[in-house]
Amino acid sequence: MTPQSELEIKGNFFTHPFAELITEIAQAALSGSLRLAEKDKKCIVYFKEGRLAFAVSNARETRLFDMLLRSGKLTKEMLVQVPNFSNDFELTAELIKKGVMTESEKDGLFKLQIEGIVTDILSWTDGEWTFSPLARIRDGLSFDVATRGSLVAYARRMSNDALLSRFRTLDETFRRSGVSELNSDLTLEEGFVLSRADDGSMSAADLVSLSAMPETSVLHALYTLWLGGLLIRDNWNPAFSRGVVASIRSAKLELKVEAKERQAPQADPATRLVEPDKPEPEKPLEEPKKEADSEISLEEYLVRIEQAATHYDILGVDSKAETSELKRAYFNLAKNFHPDRYHSEGGNTLKRIQHAFTELAQAHETLKNAESREVYDYRVRKELAEREKRVAAGETGTPNLQGEQATENFERGYSLLMDDDPDGALPFLARAAHFAPQNARYRAFYGRALAYDEKKRHKAESEMQAALKIDPNNPTFRIMLAEFFIQFNLVKRAEGELNRLLAIFPSNREARELLEDLKSKT
């Protein structure tokens, strides 16, 4: 099986802009996700067989509640009546339930949201991206998003300097794709260049000499027609080379073959690959709820993984363990705690089991190979050295997690939280807060994730208050606490937090708007 790390492709927007990535993915008919980041902005764009199907962003202006407020279709008074209005899916479900919105209107709203996110990313001139063919959009969550118009508009408004930077040489060749131009609104230059491409593959230099047009006009037409899907580009420096595309398709075939092997009666659940973001089989192979041949209970296993400082902690082995011992530990845990065995659990418990299994598989994948294990050990060598000293001194207790590891957990949890997956984010944010308790940001967002569950509201408030104790003048954390109080209809306490914020930052617009809205309802 091809390791997931070998299938991921990473790059930056300077080398490969978002518009070109969309075009390459479409023409290669790839499925997967693009994770994109520019400073504080983070987005994920999902593709299904080359078609852009869904997108999420951490920008407030792209959230459905903000879009509805700006359009006047929803008032703040109506909004506060929805418990988790920041969750787009819960918000639309509640509005449909109340008769405020229809299913078709919901689909249209999501399409507008996705198109807005795409338009925003197209404007990014800096940032990084990662494509994963394994992180797929879940079944039933897909929208018919038209991107051609946005890409053509993007190409047409490019400056000549920016355009020329997208061509390394005039030896690049272009040929017609199978897409029809019947419904295309082409300029005269684009129509002429496209007609020349009917003669077969031609270089940009040949097209310039044939057209008798300025070089920049020809290149502009070529670039626009390529982004519009009417031409295929060859002999250039793509993000997805033929070899990369072949590897992805080969891995997809391996996944299909292995999926068939899973159905065989003799298949061992411990050897299965769980593909990220793919639904589990409808029927588990076995239904036991007890771990008769395991040394630890399910809850002990989950807590251990959620609080693990290193991959060795996840597997429950010493950092000097032989490879054979690592493998035995992995297969024993995988056999006893594979998600298929707990399919009937459902809800948060099943999500914890699935996330724990992902962590377990990652730990095994890293440590089973001598080279990757050596790199990993080098990264956490200080933690391991400190642990050996504690053991030698007879000290016990949970070791401190290195700042790098706390950061990794927070970033993963934060990303899941922004993807409206608070249950998935919770263990990562909990781990970040546990190992870096003086980091106000970790504590604040851990509290925010906890707030999605009413049963954890007191713990959520405690974490947010802890964040403010560490960083009392942080406006973001205080607004988060105020929104938390509004969520649970604790209006006076929300007003108190907002007034405290405005006493320090009187020009904070978000706090003032929230306070004015609260006062208008009392």
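**Exercise 1. Which helices and strands each supply at least two residues of the lining of the largest cavity?**

Step 1. On a 1 Å grid over the protein atoms alone, a cavity is a set of points where a 1.4 Å probe fits but cannot get out. Lining residues have an atom within 4 Å of a point. Helices (H or I, at least four residues) and strands (E, at least two) are DSSP runs, numbered from the N terminus.

Step 2. Name the elements. They are β4 (51–57), α5 (88–97) and α6 (103–122). β4 gives the largest share, four residues.

Step 3. Place the residues. The lining has 13 residues, and V56, R63, D88, Q113 and D420 lie nearest the centre of this cavity.

Step 4. Sort by class. Seven are nonpolar, three polar and three charged. Here Ala, Val, Leu, Ile, Met, Phe, Trp, Tyr, Cys and Pro count as nonpolar, Asp, Glu, Lys and Arg as charged, and the others, Gly among them, as polar.

Step 5. The largest cavity holds about 70 Å³.

A note on the basis: this is a predicted model, where local features need pLDDT of at least 70, side-chain atom pairs count only at pLDDT 80 or more, and totals for chains, interfaces and linings use all residues. Residues are numbered from 1 along each chain as its sequence is written, and side-chain values use heavy atoms, without hydrogens and water.

**Exercise 2. Describe the second largest cavity.**

Step 1. Its volume is about 50 Å³. The chain has three cavities of 30 Å³ or more.

Step 2. List the lining: I305, E306, R352, H355, A356, E359, P427, F428 and R431.

Step 3. Assign elements. α13 (298–306), α16 (347–367) and α20 (422–435) each supply at least two lining residues. α16 leads with four.

Step 4. Count classes: four nonpolar, one polar and four charged.

**Exercise 3. What is the strand order in the open sheet of three strands?**

Step 1. The order is β7-β6-β8, with antiparallel pairing. Two strands pair if DSSP finds at least two bridges between them.

Step 2. Find the edges. β7 (202–203) and β8 (231–234) each have a single partner strand, so one side of each lacks a neighbour in the sheet.

Step 3. Check one pair. β6 (residues 173–176) joins β7 over two antiparallel bridges. T173 has S203 of β7 as its bridge partner.

**Exercise 4. How many helices and strands does the protein chain have?**

Step 1. There are 25 helices and eight strands.

Step 2. Buried residues make up 48% of the 522 residues.

Conventions:
On a 1 Å grid over the protein atoms alone, a cavity is a set of points where a 1.4 Å probe fits but cannot get out, and a pocket is an open set with protein on both sides within 12 Å along at least five of seven lines; lining residues have an atom within 4 Å of a point. Grid points are joined across faces, edges and corners, and a volume is the space filled by probe spheres set on the points. Buried means under 20% relative accessible area, exposed over 50%, partly exposed in between (1.4 Å probe, protein chains only).
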